[in-house]
Amino acid sequence: MTGTAAPFAADDYRARMERAARSAAEAGLAGLLVAPGPDLVWLTGYAPTAVTERLTLLVLAPGQDPVLVVPTLEAPDAAKAAGASALTLRDWTDGKDPYAATAALLDAGGRFGISDNAWAMHLLGLQKALPGTSYASLTDALPMLRAVKDTAELELLAAAGAAADATFEEIRKVAFGGRRESEVAADLAGLLRRFGHSQVDFTIVASGPNGANPHHEVGDRVIERGDMVVLDFGGLKDGYGSDTSRTVHVGEPTDEERRVHDLVRAAQEAGFRAVRPGVPCQEVDRAARAVIADAGYGEYFIHRTGHGIGVTTHEPPYMIEGEEQPLVPGMCFSVEPGVYLPGRFGVRIEDIVTVTEDGGRRLNDTTREMVIVD
């Protein structure tokens, strides 16, 4: 996790930590153990400048004050974090056993949720210090921990979406034909930064047959006249994510290319229209997928319809068959159906959507019509 955390106050972080501890208790856990990464940033505002082999771990447990176990040499930076006044710092020096220091804070027979990006050596060290404990991935134990955004978070996500939209409006003006995918990708990255992103996570430029690979790695293919080009780009602005996809065409498209693009646009609209409180996540996927399947292209829609977004660009909830988690106002996620014809071309259209009290609201507003570029 790079970049800076959003400018929240200590009380915001205190409320998040209290909510996380309550959620842990409701899930039957003795507490939560949070290593450096997006969960720690969201809960405390602390992002170590370098993640090393030295143990840093936030301990949250019902009825206990939050404690951040941190190496002594990093304690001054941790103390400057926006949420530092809402927790207790417990530092340890080189040569001491950080697992013994952490073990003193834990129920010796408890089951704990631990953040997914905790190092294996740290988990094994805790298990050795407290052999009676057990652990569950935080994504499995509390998948919705960060899923419902408050008003301030929604504003930051909307601003990130607007910056991505501004990036698209500028990129559609540049020349595509005769240039390499890598050159257009560099343009996208520069524009995201120009419009306020501190971190660029991805700039997919998939031209012609490369568009049939949803996660195409940008290469040196020269974009040609007649190519369909899938653009998928995003990153972090003020600590919150953007992610949008549009598919453009170099010169006039064929009738089939227009038909497939219109189909994907209709599927994206159907997915968006399915968004409302109480609807299971899988219904968003079903709504978008049905449009494509009914047109005979079902086998060419080869990924889920969406993923959550917040302090990372991919997080729960997921819009996929089998996910029965009901939508809740404040959730934010992508709606991004696609059709991928091997060896020929692909089309994807993606907006970030937030659940409102009576439906959904798009955080991306650029045109979903076919855009012709030079």
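This is a predicted model: local features need pLDDT of at least 70, side-chain atom pairs count only at pLDDT 80 or more; totals for chains, interfaces and linings use all residues.
In which hand does α7 pass α8?

Residues are numbered from 1 along each chain as its sequence is written, and side-chain values use heavy atoms, with hydrogens and water left out.

**The sheet**

Select the six strands that form an open sheet, in the order β4-β3-β2-β1-β5-β6, with mixed pairing. Helices (H or I, at least four residues) and strands (E, at least two) are DSSP runs, numbered from the N terminus; two strands pair if DSSP finds at least two bridges between them. At the edges are β4 (88-92) and β6, each of which pairs on one side only. Neighbouring strands are turned by 25 degrees against each other on average, with direction ignored. For this and later angles, axes are lines fitted to C-alpha atoms, for helices over the stretch in contact, and angles run from 0 to 180 degrees between N-to-C directions.

Next, select β5 (residues 111-114) and β6 (residues 134-137), which pair in the parallel sense over four bridges. Within this pair, Gly-113 stands opposite Ala-136 in β6, and Ile-114 is opposite Ser-137 in β6.

Show helix α5 (residues 120-129): together with β5 and β6 it makes a right-handed β-α-β unit. Right-handed means that, with the strands pointing away from the viewer, the path from the first strand over the helix to the second runs clockwise. Helix α5 lies across β1 (31-34), β2 (57-60), β5 and β6, and runs at about 155 degrees to β6.

**Two helix pairs**

Move to α7 (residues 151-171) and α8 (residues 181-194), which pack at an angle of about 135 degrees with their axes 9 Å apart. That angle makes α7 oblique to α8; angles under 35 degrees count as roughly parallel, over 145 as roughly antiparallel, 65 to 115 as roughly perpendicular and the rest as oblique. The crossing in which α7 passes α8 is right-handed: a crossing is left-handed if the near helix is turned anticlockwise from the far one by less than a right angle, and right-handed if clockwise. In contact (heavy atoms within 4.5 Å) are residues including Ala-164 and Ile-171 in α7, and Val-184 and Leu-188 in α8. The residues of this contact divide into six nonpolar, one polar and three charged. Ala, Val, Leu, Ile, Met, Phe, Trp, Tyr, Cys and Pro count as nonpolar, Asp, Glu, Lys and Arg as charged, and the others, Gly among them, as polar.

Then select α9 (residues 255-273) and α10 (residues 281-294), whose axes come within 7 Å and cross at roughly 155 degrees. The two helices are therefore roughly antiparallel to each other, and the crossing is right-handed. Leu-263, Ala-266, Ala-267, Ala-270 and Gly-271 in α9 meet Val-284, Ala-287, Ala-288, Val-291 and Ile-292 in α10. By class, the contact has nine nonpolar residues, one polar and no charged.

**Two backbone stops**

Centre on Asp-238, in the loop between β8 (228-237) and β9 (240-241). Although not a glycine, Asp-238 has a positive phi of about 50 degrees.

Finish at Pro-316 and Pro-317, which are joined by a cis peptide bond with omega about 5 degrees. Pro-317 lies in strand β12 (residues 315-319).
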